[in-house]
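Q: Hey, can you walk me through this one? I'd like to go through it bit by bit.

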Amino acid sequence: MKLIYILAVMALLFAIPAVSAQSSWYGYNCQGYYGYGYSCIHDDNAEPKKQMDVAFTSSCDGGVVTNVITVLDAGDEAHVVVKQGGEAGDIITAGDTENDIFTFNGCDVDGLYIKVTQSGYARKEMLGEDTLSCSSCAPPPECVSDADCPSAERCLSGECVNVPCECGTVQNHQCVAYECCSDSQCSANELCQNHICNPKPAECTADAQCAADKYCNIPAGAAGGTCDDVTVGDCGQVENHAFVPYGYECGPEAGCPSCPQGAVCIDHTCKSGDVSCPTTGIVGDTKTCTATEGGQACANCDYEVTDPSGGKSTKKTDENGNFELSLDMSGAYQVTLFKDGQALKTIQVEAFKKSGPSEPEKPTAPDMTTPLLLLVFLLILLVLGILYWRSRDGKKK
Amino acid sequence: MESNSKLALVVYLVLAFLIMLPLLRPGYYLALDMQAGPNSYTDVQFSDFYGDVPSSYGAYFPTRMVMAAISDIISPEATEKLQLFIILFLCGACAHFSLPEEHGNARYFAGLLYMLNPFVFVRFLAGHWSLLLSYAIWPLALLSFSQFLEKPGERRPFVKSALLITLAAVSSHGVIILLVCCALMLVFHLLKNRAGLTNLLALIKPLALLAAATLVLNLFWIAPTIMLFGSTYAPSSPESYIMDFKLLAMDLPPEASIATMHGFWRYGFIYTKDVFQYWYVPFILIAALACAGLIALLRAKPHHALFLFAVFIIGFLLALGNGGPLSSAFTLFGKELPIYMIFRDSHKFIGMICLAYSMLGSYGANHVLRSLQRRKLAALAVILLLPLIYNFGFFNFLGQIGTTQYPADWVEAGRIISADPSETSILVLPPYLYSTYSWSNATQKTLPTPAAHFFSKPVIISQGIMMPHIYSDIKDVRGDYRAYIFKKRQYINNTAELLAPLNARYIIVLKEYEDADSYLWLFKRRGGVDNITLVYEGDSLYLFRNELVTGPLLASADAGEGGFQQLANVSIDGLSQNVSYIHINPVTYLITGCGAPYLFYATSAGPFMEFNGNRPEPWHAIASTFRFSGPGILSNGVFPVSLALFILAWLLTIALLIHPQKTGAVLLAASAVPLYILAWGDILGPHALGTLLAISLASAGIMFNHGYPKKASKSFLNIKCG
């Protein structure tokens, strides 16, 4: 009895503070401190984020457009981001405020998106602000008319610029043209000398008097002519004052035909190559591919694999022209077949993940409390049962 | 093992399993102070072992080495869950088996309450696994210490006390609380009889030996911590800590909150009491049982009763911190002994209250059950239900937590980074130590830089806790440099160059933060940024690569005098990767050539880095630089100390357990040399060391448990017992 009495007294002693404290049970006071962005469930008394005032001005200062973002009531070093083209647009500049302002230069930028963030404050966004136009902030013009410029220059859009005069002389802000500045501006039988076209002297009477790549062009009825370039045709060379074709099927030489699609030119002959691979695969697969050249297996041919991250590796095919392609990552693999250092064929193999990227699970845990508690109670019952069974056994003994 | 003991083990195993059920789904358990990911146990996570950072939170790298070894077998994800499961199990089992067998089934009350209480609940939600592991060890450690005090000359209590206190040092907070309890136990042991002074004199030698052995066992983390303390820790004022970590006036007054085992410095967690209107009913009955236990124990073992009562009172006063009668002492300690501020969160002392309730409650339950003539089983059922009802929130944690799978774009970014073999780092922006991650599958989404455990390369972590009154209490010149770059970002056009001294090859900008754009400007702007490539863009992140950075060692044309302010928008012409070296271990390199007069180590700015015995000069106050005069060894001077003391503690533990004869002792001592060489040479990395540690300690523990060697049990310290 004494023990029960003491127990009761102690229980009361503990009950008083516990029960008296119940009045303020709910209502968490969650802080919203930066970096500790608590997300309380019972967030009834959470401090609201503070507001800040943001203003934008664009002004002209000495011919330079200066844009100022003023952030008031937010302390120092608020983060400012300026973009063009909305929130997803290009960042034009970014930085922190100093003495409540953030400054940047630039003109003719319309539709600015300005975002200001600061620890403990609700972020502030502004959309549609424009900077001043560059023209509205232009310095006074250098000139109004040609007379304001030196005689060799003229006035263009308020600036003195050189008078364009490639073949002539500038006099009084204007270009006076010469008769000629090069032979091409004279007739075929004339040369340009001191900006005047004069008759050309006879240069040759036979091809032998000309260089190997020229021939003697004698006009009809004339005794002599000029050494002119031999007319060059396709895929050949000039030899002994005449054009001689090579007779190649293909080649890199000027004018030589190129091979049809799917073939490359090797030793002036068109050769075709091919790579046979599955076009798709699953990450982790190893695909067997076959390389051919002119319909035959391309044995010991070089091939290059470019993986989706841009990594390249070069290997050789086996004697049957086969090789294996390991798909280690998702994305497009490029396989290029080479012969004598030249790319014969490039194909693409797409590697997919086994399953598409799944959305991260929603942050809600399933309510397993009830089944778990049931299991716990079953456990207790089991333990008690075992203890009871043992105590009975003990009594029997 | 007796069948009763087996049943108890099964009960706590099943309970721990049931509690862990919501976390058994695929994914990691991420919490306020708990990171986990596929790279949780890679070598880069052992910077405390390698002497890069102090082990100020305790001796947990050996535990993590063992976990690393386990992760090689069962995956990091399963290892994390196994770790939490074991901690929960140990809480119950250690409390249960720390009580005398005569208590019978009343011991279940202690085990259940010690395992299921608001303190464990909130620390589990916060991810304080090392504190909980230490807390789980306390009852057995105190039992061993009491046996040691009773029989100071015997070997087994001595060994068990030293090793269990060392195990509890997995949390520096936990071991200090345990030592407070041990001190209280010693005081009441001395007061037990009138011959207290004589008793004290007899105890001085064994106590000194125990203290010495425990200190030697713990030097491997204490010594590096002391060495690095001055260069890494910049304590704020006690007032700042008090303001930021003060007792919160939630729904209960602080005193009632602590007395009911509730309390945390942070808002937002939901306890069982918040959803159970009559929570105080089971609590009152638990408290009543504890009171009954106290009264019963006062008659039987008064000094023991007073000890447990003192644990409650001292725990209560210390937990009140600045809010209680010891507030002036709290502030004074903070000013005179800055390290005391590791207890800025004074609620950790609530663990002492849980200990007192569990032990006293078990005595009370035993007393009540013995006094009943019939319906004992029904009474036992009611008693055992009390902790379960008081804390039923443990089962599913009131929907507050779940497992989290990292987003698909994190996985893709991780794949790209891990394909890069360079020994470089990742800079994650915005650079907050704690941030909210919307994809975290928990109601509290604030996490401590999960990228550090997800990605395969070291993540440059911000050290700022960003509390209202304490931005950071860590000295972090590299963090200051990073902050400088971001502060001046509007005018910076050489981002890639500026990040070279941080060895930052990869930069991740997390999109979900509203100020992410502000950082993005440094890497992505119209016209591009020189040497910065956007490698990948996902739904939640950008991944950039700094093409200038390819490794941690750089050659510098100048000594880098002056502050880092000189570097903005100045081409660092004299900086190149023209250094040839051989990697020996993560903090030691054999430098064979350097293309400039100065060698620059971009990974650590620690004062104990040395090159051929020369200490570093600060390169523009950012990193370590050395004049290069020829090939030599670049190393961290803390690692050899930390490694030697770790091996010493390891071998001493084995020696204490198996008590070898002369030949065995010589062999044991001799094994230190190859162990040291192999670990220094990185042939034995943390995983291999963890495997060896687990096997060797398990073998020695089994031998110890089987009473080996028989002869060593008596006259261990040549002290007469009693």
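A: Let's start with a pair of helices in chain B: B:Arg107, B:Phe109, B:Ala110, B:Leu113 and B:Tyr114 in α3(B) meet B:Cys354, B:Tyr357, B:Ser358, B:Met359, B:Gly361, B:Ser362 and B:Ala365 in α14(B). By class, that contact has 8 nonpolar, 3 polar and 1 charged residues. Keep in mind that this is a predicted model.

Q: OK, and at what angle do helix α3 and α14(B) pack?

A: About 160 degrees, with the axes of α3 (residues 107-115) of chain B and α14(B) 7 Å apart. An angle over 145 counts as roughly antiparallel, and that makes α3(B) roughly antiparallel to α14(B). The crossing of α3(B) past α14(B) is right-handed.

Q: Why give both an angle and a distance?

A: Because two packed helices are described by the angle between their axes and the distance between the axes.

Q: Got it. What about α11 and α14 of chain B, how do their axes cross?

A: At roughly 75 degrees, and the axes of α11 (residues 280-300) and α14 (residues 350-371) in chain B come within 6 Å. Angles of 65 to 115 count as roughly perpendicular, so α11(B) and α14(B) are roughly perpendicular to each other.

Q: Which residues meet there, between α11(B) and α14(B)?

A: On the α11(B) side they include B:Ile286, B:Leu289 and B:Leu297, and on the α14(B) side B:Tyr357, B:Leu360 and B:Val368 are among them. The class count for α11(B) with α14(B) is 13 nonpolar, 5 polar and no charged residues.

Q: And α2 with α24 in chain B, what's the angle there?

A: Roughly 100 degrees, and the axes of α2 (residues 61-97) and α24 (residues 686-705) of chain B come within 7 Å. That makes α2(B) roughly perpendicular to α24(B). Among the residues meeting there are B:Met65 and B:Val66 in α2(B), and B:Leu689 and B:Leu693 in α24(B). By class, α2(B) with α24(B) has 9 nonpolar, 3 polar and 1 charged residues.

Q: In which sense do β20(A) and β27 pair, parallel or antiparallel?

A: Parallel, over 3 bridges, with β27 covering residues 342-352 of chain A. A:Ile282 stands opposite A:Phe352 in β27(A).

Q: Last one: how is chain B divided into domains?

A: Into domain 1 (3-399), domain 2 (408-546), domain 3 (553-638) and domain 4 (648-713). The centres of domain 2 and domain 4 of chain B are 42 Å apart, taken over C-alpha atoms.

Methods:
Residues are numbered from 1 along each chain as its sequence is written. Chains are lettered from A and ligands numbered from 1 in the order in which they are written. This is a predicted model: local features need pLDDT of at least 70, side-chain atom pairs count only at pLDDT 80 or more; totals for chains, interfaces and linings use all residues. Axes are lines fitted to C-alpha atoms, for helices over the stretch in contact, and angles run from 0 to 180 degrees between N-to-C directions. Helices (H or I, at least four residues) and strands (E, at least two) are DSSP runs, numbered from the N terminus. Angles under 35 degrees count as roughly parallel, over 145 as roughly antiparallel, 65 to 115 as roughly perpendicular and the rest as oblique. Two residues are in contact if their C-beta atoms, placed from the backbone, lie within 7 Å. Ala, Val, Leu, Ile, Met, Phe, Trp, Tyr, Cys and Pro count as nonpolar, Asp, Glu, Lys and Arg as charged, and the others, Gly among them, as polar. Two strands pair if DSSP finds at least two bridges between them. A crossing is left-handed if the near helix is turned anticlockwise from the far one by less than a right angle, and right-handed if clockwise. Domain bounds come from an automatic or database domain assignment.
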